[in-house]
Amino acid sequence: MAALSSSSLFFSSKTTSPISNLLIPPSLHRFSLPSSSSSFSSLSSSTSSSLFTYSLRTSRRSSLQGFTVKASGEKKNVLIVNTNSGGHAVIGFYFAKELLSAGHGVTIMTVGDESSDKMKKTPFTRFSEIVSGGGKTVWGNPADVANVVGGDTFDVVLDNNGKDLDTVRPVVDWAKSSGVKQFLFISSAGIYKSTEEPPHVEGDAVKADAGHVLVEKYLAETFGNWASFRPQYMIGSGNNKDCEEWFFDRIVRDRAVPIPGSGMQLTNISHVRDLSSMLTSAVTNPEAACCNIFNCVSDRAVTLDGMAKLCAAAAGKTVEIVHYDPKAIGVDAKKAFPFRNMHFYAEPRAAKDILGWESKTNLPEDLKERFEEYVKIGRDKKEMKFELDDKILEALKTPVAA
């Protein structure tokens, strides 16, 4: 295997500017990278960002110059409204465990029914770890949250479920009426408009009609102490949405890894413990976190080719990467590849400057850990079909592994 080039694998911008520098328009403290995919510039830009953009220049953050963050030692009771599907469920799981280890009270309310098939997947199959740690697990409809939690009272609520205002509003309204002091919301970095100047930083233009954005706007208008967190891709034990596994599946079977475009597109892949620790920082520093938006990501980027090479290194294998144009071959890149076919990279500047948070994600080492679990559960021996891969490889005249 060729030596790994750090320039092809990672991109890092270690910003250590004081809080006052955050008040400078984002365009004045960026670096610029060329778009590596035509789809990067073709995303919808018809929605005017002036309708709704939480800018660092206009948020409550502007009053924090010279502010000294004091972490609260108060033990709190936290309700986590957790999604029952997709990759985000693992955020609530890790957050619950971290809070419990710090002595906080935790109830994790999962959407749906405890007996559903969805609960047969991780992280739900590991909820006994929450209970054994002193936490409580319940199931139900977020619109009926008051009845689901009974007479329990909470200091903090995290909504890690809703993607639109209709889903989140009942939880927000209940939290406000029941005296909850702080409301946290898991949004998405996918709401940023495309830019020719990555990375995305807090205050960049967003798609004003996106569901997550409307929730953030409602929180700003109705809740006294709130904060929103925008994650991207994540890895970690208990995740039930493929990320690194997609690469491992091909690498261990000596198959070529098809990557759309040049393979130099930047993205951000964070260990879920980083996302959890950022949320915990907001709970312990509620005054600082109040009324702010945080990119909930690690502080390094990785190229798409770099991800394939790092996964191969973690598995102790070599990897053959082939690049293709999805349109020319006639495949949907969203179905054929687990990441966006464009630069999709955000930085956690607000969390570092305001909460004093630090990223602990170490992708090469994290992937070694993830590969050990991949083998432990026997996925490396599982029979799999790669029909879309085969279509791509045949169009490229690349041999398909038997």
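Here is a chat about a few spots in this predicted model.

Visitor: Let's start with helix H16. Which of its residues are buried?

Guide: In H16, which runs over residues 387-395, the buried ones are Asp389, Ile392 and Leu393.

Visitor: And why do those count as being on the same side of H16?

Guide: Because the arc they cover around the axis is only 95°, they end up on the same side of H16. As background, an α-helix has 3.6 residues a turn, so residues three or four places apart point the same way.

Visitor: What sits on the face turned away from the buried side of H16?

Guide: Glu387 and Glu394, and these two are exposed.

Visitor: OK, and what covers the buried residues?

Guide: Helices and strands both take part in covering the buried residues of H16. Among them are helices H8 (244-251), H12 (326-329) and H13 (333-336), plus strands E9 (257-260) and E14 (321-324).

Visitor: Which residue with a positive phi follows H16?

Guide: That's Lys397, with phi near 60°.

Visitor: Switching to cysteines. How many disulfides does a search of the whole structure find?

Guide: The search comes back with 0 disulfides.

Visitor: Is Cys243 buried or exposed?

Guide: Buried: its relative accessible area is 3%. Cys296 counts as buried too, at 2% relative accessibility.

Visitor: New topic, Trp139. Where does it lie?

Guide: Trp139 is in strand E4, which spans residues 136-140. With a relative accessible area of 19%, Trp139 is buried, since the cut-off for buried is under 20%.

Visitor: Which residues does Trp139 touch, not counting those up to four places away in sequence?

Guide: Trp139 touches Thr110, Val111, Gly112, Asp113 and Glu114, along with Met119, Phe127 and Val148.

Visitor: Last one, Asp366. Which helix does it lie in?

Guide: Asp366 belongs to helix H15, residues 363-376. At 3% relative accessibility, Asp366 counts as buried.

Visitor: And what is Asp366 in contact with, leaving aside neighbours within four places in sequence?

Guide: Its contacts are Ile235, His271, Arg273 and Thr361.

Key. Residues are numbered from 1 along each chain as its sequence is written. This is a predicted model: local features need pLDDT of at least 70, side-chain atom pairs count only at pLDDT 80 or more; totals for chains, interfaces and linings use all residues. Side-chain values use heavy atoms; hydrogens and water are left out. Buried means under 20% relative accessible area, exposed over 50%, partly exposed in between (1.4 Å probe, protein chains only). Helices (H or I, at least four residues) and strands (E, at least two) are DSSP runs, numbered from the N terminus. The arc is that of the directions from the helix axis to the C-beta atoms. Contact means heavy atoms within 4.5 Å. A disulfide is a pair of cysteine sulfur atoms within 2.5 Å.
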